[in-house]
Amino acid sequence: MSGNPQPVRALVVEDEFLLLALLEELLPDLGVEVTARARSAEGAVAAARTPEHFDIALVDVNLAGEQSYDAVDALLEARVPTLFITGYGSGSLPPRFATLPVLSKPFGRDDLARALAALCGGSHGAA
Amino acid sequence: MDTTPAPAAGCGPAEALLESTPDLACLFDRQHRCIYANRALLEALGRPRAEVIGRSLLELGYAPRDAAMHGSEIDQVFATARRLRGDARFHGPRGERIHDYILAPVLAADGSVQAVAATIRDVTERTAHEDVARRNERRLRAIASASSSVIYRLDPDWSRVQVLVGPGVENPPPLSRLELQAEHLHPDDHARVAHAVARAREETTVFEAEYRWLRGDGRYHWLASRVVPVRGDDGRVHEWVGATTDVEDRRRQETHQRLLLDELNHRVKNTLAVVQSIAVQTFARTGADRQAVERFHARLLALAKGHELLTASRWNGTWLRDVVETAIGPGMGHGLERFLIDGPRVWLAPRPSLALSMALHELCTNAVKYGALSAPGGTVAIRWEVHEEGGPPRRLRLEWRESGGPAVVEPQRRGFGTRLVEQGLRHDLDGEVVLAFEASGVSCHIDVPLVEASTA
């Protein structure tokens, strides 16, 4: 991925700093740069109003006890490819999100690469 | 009626009736003397007619108290010309009997009372049956109310249902089962219940189901029902009897517990992810060995995936094959095509499940780095059997065998991974482990007792 001159820009919606830090640590190796951050559903909805600032979104299902479904709806509305990060089983998501990639916590570099590949149609699978 | 004492052999139809009825019959005069007795009465008293006619109640063997009571009853009929009914215990040659009797006036042409006619029915057996029946009935009701269930019967074809014991009216009429269901049964449960009913009727077996039912409070409650066939002496099903209990509270607690467990699992996974992040941040900043960081990652993930398998079964246990495929699966960079996996279905309790997850992960990591999976053509065979000899507990024997890899060199010192395999299983599962670094490939024999887990 190092040869890719134009990294993919990502919005990360995560309420825990350490998990955000982990993603910021792992994503650059996979050709993804975190260019926008939100720590609440409202913040994510606000970010969805300027979708030109990022290419993809990684959204934690649980944001300080609240579910991020509305924010993901807003992101999908803005045509931003979005994946879920969750500590719950993937089966617990509402049916309307059935086609979205899910990254289960805890995740390794390979898991992250696979989820990104599913999100971007395979362009990150080689990482 | 003729009031003169009758001869033994009657002449008219009335006499014939009196002599042939099993009921006891007699006439009393004002002095409480018996002036007529039928055959049944003589048999009950165990005396010939000559020892009965003209005798008073006392002389006939009645206890003084009973004789006095019946005497005053006879007086009452003479005085009022009205019949009366009673029941009393009578001690005769056949032991204690229970008599149900009617005393009726015999009227003369001028309307005066000439004699008192007594007809007496021996109800000893009937009373005993009734006592037993009543006792059984009471006992049944006590059982039903103690169980807090509604008890009901169903026609053989399940068309109508009638509540036998439960809150509400006594002896309610039978109701159409299908109409009740249409009104009360949750729409989503119709198909399931219909299927269970059809099966129970077809196989004449116990019906068991839990379903949602619209109750008086306007809400659907979860109910649990059991219905059993009741066969007659001819072996045919004459009716079905069922019991239904409201299990709403239990179901709600189960749901609550499930939510709590889900939440706990979520937190555990989140915490593992946080630990992972701390490790990454810590090691990356200190310039630590990148390989060591990767290994730490991999072990943490193996632990998390082992947990996830158990979470799926709500920590009841796992299938061994799932443990194997998860431990060697994604993240190792190799598909299942490099593995030969063979063994019967074995259910593992949580502890052996996790211990084997970690051990298999270490073996796999080693194979990828140095062993069969480090070379293009290398393969790993994982086979297991269950042995029953020597009685319980059964033992699981699992073999890990690598082949087609580079020549194996015994490592100079045992690393953490090796210790996890050899000592971990020994310690956690009281098992035996033989890890061999043969030139042709690494092999590992694992022999552990199988503690039976609940296969919920």
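1. A salt bridge is a side-chain nitrogen of Lys or Arg within 4 Å of a carboxyl oxygen of Asp or Glu. In chain B, the residues B:Glu19 and B:Arg49 form such a bridge, with their closest N and O atoms 3.8 Å apart. The pair links distant parts of the chain, 30 residues apart, since B:Glu19 belongs to helix 1 (residues 13-20) and B:Arg49 to the loop between helix 2 and helix 3 (64-80) of chain B; here helices (H or I, at least four residues) and strands (E, at least two) are DSSP runs, numbered from the N terminus. B:Glu19 counts as buried at 12% relative accessibility, and B:Arg49 counts as buried at 18%, where buried means under 20% relative accessible area, exposed over 50%, and partly exposed in between (1.4 Å probe, protein chains only).

2. Please keep in mind that this is a predicted model, in which local features need pLDDT of at least 70 and side-chain atom pairs count only at pLDDT 80 or more, while totals for chains, interfaces and linings use all residues. Residues are numbered from 1 along each chain as its sequence is written, chains are lettered from A and ligands numbered from 1 in the order in which they are written, and side-chain values use heavy atoms, with hydrogens and water left out.

3. The whole structure holds 44 salt bridges over all chains. One of them joins the side chains of A:Glu24 and A:Arg37 at 2.5 Å, N to O, and this pair links helix 1 of chain A to strand 2 (residues 32-38) of chain A across 13 residues. A:Glu24 is partly exposed at 28% relative accessibility, and A:Arg37 is partly exposed as well, at 48%. In chain B, the residues B:Arg153, B:Asp155, B:Arg160 and B:Glu239 are linked in a network of salt bridges.

4. How many residues does each chain give to the contact? Chain A gives 19 residues and chain B gives 25, contact meaning heavy atoms within 4.5 Å. Together the chains bury about 1800 Å², of which 54% is on carbon and sulfur atoms; buried area is the accessible area (1.4 Å probe) that two parts lose on being put together, summed over both. The interface has 2 salt bridges, including the one between A:Arg109 and B:Glu294 at 3.5 Å, N to O. On the side of chain A that touches chain B, the elements giving two or more residues are helix 1 (17-26) and helix 4 (109-120) of chain A, and helix 1 gives the most, with 5 residues.

5. B:Asn38 deserves a look, in the loop between strand 2 (34-37) and helix 2 (39-45) of chain B. This residue is buried, with a relative accessible area of 0%. A polar atom of the B:Asn38 side chain lies 3.0 Å from the backbone oxygen of B:Asp23, and the side chain of B:Asn38 also reaches the backbone nitrogen of B:Leu41 at 3.0 Å. Leaving aside residues up to four places away in sequence, B:Asn38 touches several residues, among them B:Leu18, B:Glu19 and B:Thr21.

6. A search of the whole structure finds 0 disulfides over all chains, a disulfide being a pair of cysteine sulfur atoms within 2.5 Å. B:Cys26 is buried, with a relative accessible area of 5%.

Note on methods
Polar contact = N/O pair within 3.5 Å; in protein donor to acceptor, adjacent residues only side chain to side chain.
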